[in-house]
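Subject: Structure handover, with notes on cavities, pocket and helix packing

Dear colleague,

Please read them alongside the coordinates.

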Amino acid sequence: MSVSSQVPTRVGNILINALKGGVVPRVGLEYITVGRVAEIDAILHDIQMVEDGGATLRFIVGKYGAGKSFLLQTVRNYATAKGFAVVDADLSPERRFAGTKGQGLATYKELVKNLSTKSKPDGGALPLVLEKWISGIQVSVKTQTNTSEEEFDELVEREIYAVASSLEGMVNGFEFAKAVAAYWRAYRDDDGAMKSNVLKWFRGEYPSKKEAKSDLGINFIVTDETWYDFLKILAVFLVGAGYKGLIVMIDELVNIYKIPNSITRANNYEKILTIYNDVLQGKASHIGFLMGATPQCIEDRYKGLYSYEALRSRLSQGHFAGTGLRDLSAPIISLEMLTQEEMYILVEKLQNIHCHLYSYDHPLGHEDLLYFLNVEYNRVGAETHITPREIIRDFIELLNILHQNPGMDIPSILGSNSFELAKGGLADEEIHAEFQEFEV
């Protein structure tokens, strides 16, 4: 069965438009994923560890356009489909791990806003999670006993307090438990205003303890210093609500590298070190972290993660890993570029989707696809600078032009001498053999 016949039109439209714009679509990635088998297997092993009660941390490292965000999004979709809750955020000058102007709290707010589950894959799942937790307890109580409505509410409340109290042994767990109980009371009494206040508290939106105390009776709010501990509590709570764990995805670590002040950078790296140590020392459970970064923002000894000696000594590879030898159980997974054979399979898939989306026959045959890739890979500087993102954008642009200008062909667009310039690129028989192996 061809790829195009499997892709719904709505999904195909999102895929083509997002990829042409140079961004990663949030749906449909399973239709265009090629390669990355070893990397995905390593991350799926981490996800299994999270389900089993462990904690993990990985850095997904690759240059711009190499596929970091694509891989993170693919894992995000997989995790929610398998019953995990996922939060994700991109760092920026306003969102960091730590800062003097609430940047750490801003990251927490973005993460919680983007809380996604299988039934709410596009974020905003916090109310659903809380009500699913309450409903689960109600069902559990109902199956265990046959009581009057008044007795039933009393038993449910007792069970909710018992579950909530199990969180009290964690840092800030007592306040978290009080908020959960407050949400239960608001849910029971159909008090919309109170539910809204509790959700506001969970999202880190209360500006002061005084306001939280006045509205909820809780003398605590999420801050720059406490947001990470709060995520750890949330992970344990989510398991109690029926989810398999919490996956935290933080992309664009390069924005930490760009911080001009060395002390501020060090404070951010200190927070990353705390997460790393918690993961390895068993101080966190049911939570996994995936962080996207460029090689420079990891390896630079002056401003990158490796400028912080405690991180460099923990994260740098040993003496035996190197070119051709990878340790995929190490904290850093370096993304190698997709091979030319894998890129062939990808552009073939994209053409199928494009043709299905715009209802026309394939304009490009096997030789045409080779022609296009030869031109791309033999541009000046392509050996070190070409990325899948650039090739994908060029290819979709090419398909758009061919579709909108039926009288044109590949040589008229790319130049009649392009193939001569591209000699020494992809070997036709090599690609053909690989294509037969990967063909859908």
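The largest cavity is lined by I43, D46, I47, V50, T56, R58, I247, G288, F289 and L290, where a cavity is, on a 1 Å grid over the protein atoms alone, a set of points at which a 1.4 Å probe fits but cannot get out, and lining residues have an atom within 4 Å of a point. This is a predicted model, in which local features need pLDDT of at least 70 and side-chain atom pairs count only at pLDDT 80 or more, whereas totals for chains, interfaces and linings use all residues. Residues are numbered from 1 along each chain as its sequence is written, and side-chain values use heavy atoms, with hydrogens and water left out.

The volume of the largest cavity is about 50 Å³, a volume being the space filled by probe spheres set on the points, with grid points joined across faces, edges and corners. At least two lining residues come from each of α3 (37-51), β1 (55-61) and β4, and α3 gives the most, with four residues; helices (H or I, at least four residues) and strands (E, at least two) are DSSP runs, numbered from the N terminus. By class, this lining divides into six nonpolar, two polar and two charged residues, where Ala, Val, Leu, Ile, Met, Phe, Trp, Tyr, Cys and Pro count as nonpolar, Asp, Glu, Lys and Arg as charged, and the others, Gly among them, as polar.

The count comes to two cavities of 30 Å³ or more.

The largest pocket has a volume of about 780 Å³, a pocket being an open set of points with protein on both sides within 12 Å along at least five of seven lines. Of the 44 residues that line the largest pocket, V24, K68, S69, F70 and L71 are the closest to its centre. Two or more lining residues come from each of α4 (68-81), β2 (85-90), β3 (246-251), β4 (287-293) and α19 (388-404), and α4 provides the largest share, eight residues. The lining of the largest pocket has 21 nonpolar, 10 polar and 13 charged residues.

Turning to helix packing, α2 (residues 9-20) and α16 (residues 340-358) pack at an angle of about 120 degrees with their axes 10 Å apart, where axes are lines fitted to C-alpha atoms, for helices over the stretch in contact, and angles run from 0 to 180 degrees between N-to-C directions. The two helices α2 and α16 are therefore oblique to each other, given that angles under 35 degrees count as roughly parallel, over 145 as roughly antiparallel, 65 to 115 as roughly perpendicular and the rest as oblique. In their contact (heavy atoms within 4.5 Å), T9, G12, N13, L15, I16 and L19 of α2 meet L350, I353, H354, H356 and L357 of α16. These residues comprise six nonpolar, five polar and no charged.

Helix α16 also packs with α19, at an angle of about 35 degrees and with the axes 11 Å apart. Here M343, L346, V347, L350, Q351, H354 and Y358 in α16 meet P388, I391, I392, F395, L399, N400 and H403 in α19, a contact with 10 nonpolar, four polar and no charged residues.

With best regards
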